[in-house]
Amino acid sequence: MVHPSEKRGVVTVGEGAALHPEDVRPPVLKIGQAQSEGITAGKLQRGDTQEEFDFLDVIPLAVQPTRLLWGTSSFSRNRSPECWSDDGMTGSVRPLNETYAANVGMPCLDCEHYTNRPWEEKSQDGWCTPGYSVLLVDTESFDIYFLRLTGTSAKVARTLATKGVFQKAVVRLNLEKTLT
């Protein structure tokens with residue numbers, strides 16, 4: 001369930017578990033798209049072993065808002081974002097690939113790149129994209145996974161965070177191609 005926060009411009013999803021910058025991160029689940037390299041389109045891939053899945057039955061343990069600023073540099077699969085927020089509210093204090101966020105500790109709302117509607121932005125300097133970090137437990141292996149949801153896939157976070165699903169229900173994660 002999405003709960004309004006007392007902090008300006010912040011939405012808190014669900015209750016209970018939270019991801020903190022100092023937490024050890026579990027293996028990342030990657031979503032295979034047609035343009036993805038090293039992963040079959042339509043599959044989920046475990047980032048540390050490259051094992052691929054047609055689906056996973058999981059229970060969502062944490063759903064947390066995040067933000068990423070990619071800027072306008074040319075696309076490269078190995079590039080890091082210019083700035084990021086682990087909680088959707090402030091620039092992260094956690095380094096990523098030995099680099100710190102551009103706006104460490106700064107409230108996201110105070111940043112010139114902040115927007116809640118990135119699909120409408122036409123900025124030459126890039127914009128900060130909202131998304132979600134999701135912590136999941138696989139009901140078959142009991143492995144814990146980390147999944148990032150941005151863009152159209154961020155809609156899945158709302159389902160994972162709804163009352164009756166969040167921390168309670170088994171959800172089948174699978175990919176399907178949709179045309180808009």
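Tutor: Start with a pair: Asp57 and Arg172 form a salt bridge, their closest N and O atoms 2.8 Å apart. The term means a side-chain nitrogen of Lys or Arg within 4 Å of a carboxyl oxygen of Asp or Glu. Asp57 lies in strand 6 and Arg172 in strand 10, so the pair ties together parts that are 115 residues apart in sequence. Helices (H or I, at least four residues) and strands (E, at least two) are DSSP runs, numbered from the N terminus.

Student: What are the ground rules for this model?

Tutor: This is a predicted model, with residues numbered from 1 along each chain as its sequence is written. Local features need pLDDT of at least 70, side-chain atom pairs count only at pLDDT 80 or more, totals for chains, interfaces and linings use all residues, and side-chain values use heavy atoms, leaving out hydrogens and water.

Student: How many salt bridges does the structure hold?

Tutor: Side chains of opposite charge can pair when their charged atoms come close. The structure holds 5 salt bridges. One of them joins Asp54 to Lys43, with the closest N and O atoms 2.5 Å apart. Asp54 sits in the loop between strand 5 (52–53) and strand 6, and Lys43 in the loop between strand 3 (28–31) and strand 4 (44–46), so the pair ties together parts that are 11 residues apart in sequence.

Student: Which residues are linked in a network of salt bridges?

Tutor: Arg46, Asp48 and Asp143. Within it, Arg46 and Asp143 have their closest N and O atoms 3.0 Å apart. Arg46 lies in strand 4 and Asp143 in the loop between strand 8 and strand 9, so this pair ties together parts that are 97 residues apart in sequence.

Student: Is Arg46 buried or exposed?

Tutor: Apply the cut-offs: buried is under 20% relative accessible area, exposed over 50%, partly exposed in between (1.4 Å probe, protein chains only). Arg46 counts as buried because its relative accessibility is 15%. Asp143, at 28%, is partly exposed.

Student: What is the overall layout?

Tutor: The protein chain has 1 helix and 10 strands. From the N terminus, the order is β-β-β-β-β-β-β-β-β-α-β. Buried residues make up 35% of its 180 residues.

Student: Which residues touch the most other members of the largest nonpolar core?

Tutor: A nonpolar core is a set of buried Ala, Val, Leu, Ile, Met, Phe, Trp, Tyr and Cys residues joined through side-chain atoms within 4.5 Å. The largest here has 20 residues, and Val63, Val134 and Leu136 touch the most other members. Strand 6 (55–69), strand 8, strand 9, helix 1 and strand 10 each supply at least two residues of this core. A second, separate core of 5 residues includes Cys83, Trp84, Ala101 and Cys128.

Student: What does Val134 contact?

Tutor: Contact means heavy atoms within 4.5 Å. Leaving aside neighbours within four places in sequence, Val134 contacts Ala62, Val63, Tyr145, Phe146, Leu147, Leu149 and Leu160.

Student: Which residues other than glycine have positive phi?

Tutor: Phe142 is one of them, with phi near 65°. Phe142 lies in the loop between strand 8 and strand 9 (144–150). At 61% relative accessibility, Phe142 counts as exposed. Gln167 also has a positive phi, about 60°. Gln167 sits in the loop between helix 1 (155–160) and strand 10 (171–174). Gln167 is partly exposed, at 38% relative accessibility.
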